[in-house]
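Open the model in your viewer and keep the selection panel at hand. The stops below go from sheets to pockets.

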Amino acid sequence: MKSAVVAVVGRPSSGKSTLVNALCGAKVSIVSPVPQTTRNRVRGILNDTRGQIVFIDTPGFHLSQKKLNTYMSDLVSSTLSEVDVVLYVVDGTREAGDEERAVQHVVRRASRPTVICMNKHDAPGPGWPAARASVAEAFPAMLPVEVSALTGNGLSALKDLLYAAAPEGDQMYPEDYYTDQTPEFRIAEIVREKAILQTREEVPHSLYVRIEDLEMRDDGATLWARGFVCVERESQKGIVVGRAGEKIKTIVREAEAELSEIFPYAVRLDMRVRVDHEWRKRDPLLKKLIR
């Protein structure tokens with residue numbers, strides 16, 4: 001039996017979260033068109049007859065001196081030192097640049113067994129030849145597998161490579177697990193996803209979600225969660241609240257619907273919007289949010 005912890009790394013918007021969800025057969029990571037939606041190490045679990053693979057979906061590796069981005073890049077580097085295998089995900093539609101080369105350097109420096117996956121095979125474009133050439137130059141001894149996380153094409157071959165690279169060992173989680181996330185974390189992430197999708201380019205990177213308390217009611221039939229969608233400025237608060245509170249109501253309604261499908265009970269949310277000035281510059285909060 002094989003057993004491995006696999007770090008999933010790549011540039012922002014390379015499709016890492018969509019890929020992890022597809023490999024695990026369930027929604028593990030939130031997904032949006034906004035780069036760097038993933039901020040934490042999110043664990044997804046793949047079980048089959050060959051053994052168990054635990055994926056750690058990491059934030060997109062981004063060259064930036066902003067404090068939030070620095071924390072996320074440091075998280076990626078530290079994760080690589082703790083895993084058995086690295087799954088390096090490349091967006092095949094984009095030409096390589098300094099950021100891609102920085103990711104390749106970090107992956108090589110980790111000195112871990114590595115599997116290379118070129119994603120978005122369903123979207124051919126002029127970037128593919130340059131992307132393939134960049135991977136071949138950085139990893140001349142390795143043959144990447146080209147996949148589409150959206151259609152599932154190539155995922156079987158990718159799983160074969162991952163299990164071939166994995167060491168022997170006992171499973172780390174029961175076979176019916178596809179993630180080890182706590183209810184508090186899952187609720188906060190789903191609410192954040194819906195808020196990002198509702199606000200798009202206006203405030204996504206300026207918001208975070210804090211869950212204050214959870215309470216099971218109705219003899220275990222309903223989980224109530226109370227918390228806040230936090231933004232940096234008063235103007236952003238108005239955007240998230242919306243006219244007559246319609247936007248935050250939509251965010252809550254969509255999050256409740258998805259969470260009630262994820263959990264074996266109904267989920268009800270009491271979410272308010274709060275201004276937390278310059279939260280992205282505060283180390284204690286960032287250490288709590290990005291882990």
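Predicted model: local features only at pLDDT ≥ 70, side-chain atom pairs only at ≥ 80, totals over all residues.

Residues are numbered from 1 along each chain as its sequence is written, and side-chain values use heavy atoms, without hydrogens and water.

**Stop 1: the six-stranded sheet**

Select S1 to S6. They form an open sheet of 6 strands in the order S2-S3-S1-S4-S5-S6, with mixed pairing. Helices (H or I, at least four residues) and strands (E, at least two) are DSSP runs, numbered from the N terminus. Two strands pair if DSSP finds at least two bridges between them. Go to the edges: S2 and S6 (145–146) each pair on one side only.

Now pick S5, residues 114–119. S5 and S6 run parallel, joined over 2 bridges. Show Met 118; Glu 146 in S6 stands opposite.

H2 lies across S1 (2–9), S3 (51–57) and S4 (85–91), at about 155° to S1. Contact here means heavy atoms within 4.5 Å. Axes are lines fitted to C-alpha atoms, for helices over the stretch in contact, and angles run from 0 to 180 degrees between N-to-C directions.

**Stop 2: the three-stranded sheet**

Select S7, S8 and S9. These 3 strands make an open sheet in the order S7-S8-S9, again with mixed pairing. S7 and S9 (266–275) are the edge strands, each pairing on one side only. From one strand to the next, the twist averages 15°.

Which sense does each pair take, S7 with S8 and S8 with S9? S7 and S8 (222–231) are antiparallel over 9 bridges. S8 and S9 are parallel over 10 bridges. Show Arg 226: Asp 270 in S9 stands opposite.

Next come the helices on this sheet. H6 packs on the sheet and touches S7, S8 and S9, its direction at about 130° to that of S7. H8 (residues 246–262) also packs on the sheet, touching S8 and S9 at about 145° to the direction of S9.

Zoom to the hairpin of S7 and S8. It has 4 residues between the strands, and Asp 218 takes a positive phi near 55°. Met 216 has Leu 223 in S8 as its bridge partner.

**Stop 3: the largest pocket**

Select Asn 40, Phe 185, Lys 288, Leu 289 and Arg 291. Of the 21 lining residues, these lie nearest the centre of the largest pocket. On a 1 Å grid over the protein atoms alone, a pocket is an open set of points where a 1.4 Å probe fits, with protein on both sides within 12 Å along at least five of seven lines; lining residues have an atom within 4 Å of a point.

The space in the largest pocket is about 580 Å³. Grid points are joined across faces, edges and corners, and a volume is the space filled by probe spheres set on the points.

Colour S2 (42–48), H6 (183–199), S7 (208–217) and H9 (283–289): each supplies at least two lining residues. H6 gives the largest share, 5 residues. By class, the lining has 8 nonpolar, 3 polar and 10 charged residues. Ala, Val, Leu, Ile, Met, Phe, Trp, Tyr, Cys and Pro count as nonpolar, Asp, Glu, Lys and Arg as charged, and the others, Gly among them, as polar.

**Stop 4: the second largest pocket**

This pocket holds about 390 Å³ of space. Select Ser 13, Ser 14, Gly 15, Thr 18 and Ser 32, the closest to its centre of 25 lining residues. Helix H1 (residues 16–24) gives the most to this lining, with 3 residues. The lining of the second largest pocket divides into 10 nonpolar, 12 polar and 3 charged residues.
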